[in-house]
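Here is a friendly walk through a protein structure. Have a look at the picture, and then we'll go through it piece by piece.

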Amino acid sequence: MSDTAVPQSRRRILAGLTAIGAVTLAASACATTAPGSASRSTGTAKIVVVAAENFWGSIAAQLGGSKVAETSIITNPDTDPHSYEATAADARTIAGAQLFIQNGIGYDSSWAPGLVSANPNSSRTVLTVGDVLGLKDGDNPHQWYSHASVYKVIDAITAEYQKIDPADASYFAQQKTAFEDSALAQYNQLETTIKAKYAGTPIGASESIVSPLADSLGLDMLTPYSFLKDISEGTDPTSADKAAIDRQIRNKQIEVYVYNSQNSTPDIQAQVKLAQQEGIPVTTVTETLSPAGDSFQEWMVGQLQDLESALAKATGH
Amino acid sequence: MNPGFTWNIITDVQWMWSLPSMVNAFRAGLAVAILAGVIGWFMVLRRQSFAGHSIAVTGFPGAAAAVYLGLSATVGYFGFCIGSALVIALLARGSGTGVGERAHSSALIAVVQAFALALGAVFLDLYGGFLSSTSAFLFGNFLGITDEDVLTLVAVAVVVLLAMAVIGRRLLFASVDPAVAAARGVPVRALSVLYLVLLGATVAEVSKFTGSLLVFALLVMPAATAQVITARPGLSLLYTVVIGVLVTWFGLAWAYFGNQATGFTITSLAFACYVLAYAAKSVRRTLRQGRPGRLEVA
């Protein structure tokens with residue numbers, strides 16, 4: 001290494017420094033317009049709606065009917081929305097949305113708000129389910145399993161549609177009534193039946209996704225909340241919690257065990273096995289629409305029917 | 001949806017840069033590549049890759065702690081990265097280049113790193129939020145960069161690079177031959193501390209976009225590749241920056257058109273560059289010596 005090379009390196013650093021300034025300035029002038037974008041999107045008057053997760057997307061699409069074009073970002077049942085890494089296609093989708101629906105409550109907060117702020121759009125409204133329900137980070141984010149929360153979100157989505165497209169306000173009101181009264185009829189009926197028949201029944205669960213459902217149905221969740229939260233968030237559950245749950249299963253303190261089949265850790269698999277050995281009926285729920293093509297109500301009804309038959313088997317009525 | 005890749009490059013780029021996310025990703029990617037390249041070049045030269053990796057890892061508990069305390073993650077990144085850089089710099093014995101000294105400092109760095117990871121887990125648990133934040137801290141997000149983020153990044157880059165321009169020559173001397181440098185009156189120890197602090201600041205700023213893992217790839221891979229290509233310091237520093245910028249930009253474009261995660265595309269390209277450079281060097285050496293398989297002491 002020669003001494004003459006030394007000052008050269010210093011010059012390179014200065015050159016690099018100049019390059020940062022120069023090229024960043026150049027790049028700042030580089031934002032382009034999409035080729036042919038002027039002729040795009042003016043023909044149809046549909047509201048462009050994007051939902052971060054497909055359970056809210058399915059509801060938004062049905063509420064919007066023919067006046068809305070809906071796209072969901074997370075649609076694959078194998079994708080975990082907690083740790084989703086957004087792609088450029090998602091950024092493009094959100095950039096062009098007129099209404100963007102995100103769950104919030106820490107559920108999609110690692111990627112969705114970032115894509116919104118990095119792609120400013122003055123004609124876009126953002127609807128955050130957590131804000132609608134007055135919940136914050138750390139609260140239970142799985143509110144699509146709560147009947148009351150689902151109805152509040154329906155109100156909020158319809159209100160946004162009417163604000164964006166006031167001319168069709170009465171159409172959206174009709175869509176809402178039709179959705180609540182006929183599309184959700186079986187879902188409403190199952191909620192009422194299970195609540196009437198099995199309220200107070202002690203159940204166990206794998207994670208906090210089941211808590212809003214149990215609250216909604218009046219079931220008595222015996223599993224420690226710390227365990228439900230640990231599994232949902234992907235942290236290690238404590239051994240005290242695990243021992244307590246094993247005891248509850250062995251002593252048949254719980255009538256039914258409900259687990260999330262998309263998030264089944266070895267701990268959960270062991271609990272499922274133990275419950276089956278002890279003759280406790282086991283039933284499953286999923287994080288997002290499964291199969292992906294189902295509507296919100298088809299998916300919920302299927303899960304509620306499974307839960308109802310498990311409860312019937314366990315209690316004998 | 002994004003239109004796919006066509007061979008009409010101009011239309012492709014127009015499409016790509018009509019998305020504000022991508023424009024800011026390219027701007028930030030440029031600044032990140034230059035900053036990480038210059039700092040990483042010295043890191044590889046000084047054989048402090050392990051220290052760099054540990055400092056990068058401490059960004060994770062830093063961000064977690066800040067979020068738990070209700071502060072912005074940036075405060076946590078800077079606090080913990082610069083803090084761990086200071087701990088490593090001040091507790092390491094001597095210049096950290098002798099055999100015994102190096103063993104001592106690598107053990108010290110390992111201790112800092114292990115404790116940092118444990119702290120990260122504790123803060124996340126205390127916060128009780130979703131582990132989604134963990135993946136953001138570890139893998140970052142090149143697509144959520146705002147104009148303000150780019151301005152802050154450029155400001156930090158300018159400050160760090162100015163400092164490097166001032167100390168660069170003496171730091172190079174102290175890195176290559178600390179004993180002779182010290183004998184000639186170069187403040188070897190002070191330079192070492194200052195360099196690690198600059199490394200900490202770089203890692204903290206860059207981690208916001210790249211996460212704690214990709215930042216290390218950008219620090220080490222372009223520099224390692226350039227130092228395989230040439231032994232001349234000035235030239236290899238220039239190659240480092242050029243490789244870093246190209247790898248980042250092409251990685252972003254690949255992520256855009258292939259709908260891949262940026263961490264994967266950028267790291268893969270950087271790795272490919274290293275493998276190519278290494279293979280080319282081996283082939284050249286074999287051809288020159290006519291004796292395949294002979295080891296050369298680097």
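Helices (H or I, at least four residues) and strands (E, at least two) are DSSP runs, numbered from the N terminus.

Some ground rules come next. This is a predicted model, in which local features need pLDDT of at least 70 and side-chain atom pairs count only at pLDDT 80 or more, while totals for chains, interfaces and linings use all residues. Residues are numbered from 1 along each chain as its sequence is written, and chains are lettered from A and ligands numbered from 1 in the order in which they are written.

**The two chains**

The table below uses two terms. A residue is buried if 20 or more other C-beta atoms lie within 10 Å of its own, exposed if 12 or fewer, and partly exposed in between, with C-beta atoms placed from the backbone. Two residues are in contact if their C-beta atoms, placed from the backbone, lie within 7 Å.

| Chain | Elements | Buried residues | Contacts joining residues at least 24 apart, among those at least 6 apart in sequence |
|---|---|---|---|
| Chain A | 13 helices and 8 strands | 44% of 317 residues | 68% |
| Chain B | 11 helices and 0 strands | 54% of 298 residues | 72% |

Read from the N terminus, the elements of chain B go α-α-α-α-α-α-α-α-α-α-α.

**Two domains in chain A**

Chain A splits into domain 1 (47-183) and domain 2 (186-315); the bounds come from an automatic or database domain assignment. Their C-alpha centres lie 26 Å apart. Where the two touch, domain 1 of chain A puts in 20 residues and domain 2 of chain A puts in 20 residues. On the domain 1 side, helix 2 (54-64) and helix 6 (147-164) of chain A are the elements that give two or more residues. Which of the elements gives the most to that side? Helix 2 of chain A does, with 5 residues. That side of domain 1 divides into 7 nonpolar, 12 polar and 1 charged. Here Ala, Val, Leu, Ile, Met, Phe, Trp, Tyr, Cys and Pro count as nonpolar, Asp, Glu, Lys and Arg as charged, and the others, Gly among them, as polar.

Two strands pair if DSSP finds at least two bridges between them. In chain A, an open sheet of 4 strands has the order 2-1-3-4, with parallel pairing. Strand 2 (68-74) and strand 4 of chain A are its edge strands, each pairing on one side only. Strand 1 (residues 47-53) and strand 3 of chain A pair over 3 bridges, and A:Ala51 stands opposite A:Ile101 in strand 3. Strand 3 (residues 99-102) and strand 4 (residues 125-128) of chain A are joined by 4 bridges, with A:Gln102 opposite A:Thr128.

What about the helices? Helix 2 of chain A lies across strand 1, strand 2 and strand 3 of chain A, running at about 155° to strand 1. Helix 3 (residues 88-95) of chain A packs on the sheet too, touching strand 1, strand 2 and strand 3, at about 150° to strand 2. Axes are lines fitted to C-alpha atoms, for helices over the stretch in contact, and angles run from 0 to 180 degrees between N-to-C directions.

Now look between strand 3 and helix 4 of chain A: the loop there holds A:Ile105. This residue has a positive phi of about 50° although it is not a glycine. Most residues other than glycine have a negative phi. Is A:Ile105 buried or exposed? A:Ile105 counts as buried because it has 23 C-beta neighbours inside 10 Å.

Chain A has another open sheet of 4 strands, in the order 6-5-7-8, and the pairing is parallel. Its edge strands are strand 6 (220-221) and strand 8 (282-285) of chain A. Strand 7 (residues 256-260) of chain A is joined to strand 8 by 4 bridges, and A:Asn260 has A:Val285 as its bridge partner.

Helix 10 (residues 225-233) of chain A has several buried residues, including A:Phe227 and A:Leu228. The buried residues of this helix pack against strand 5 (202-205), helix 9 (211-217), helix 11 (239-250) and helix 12 (266-277) of chain A.
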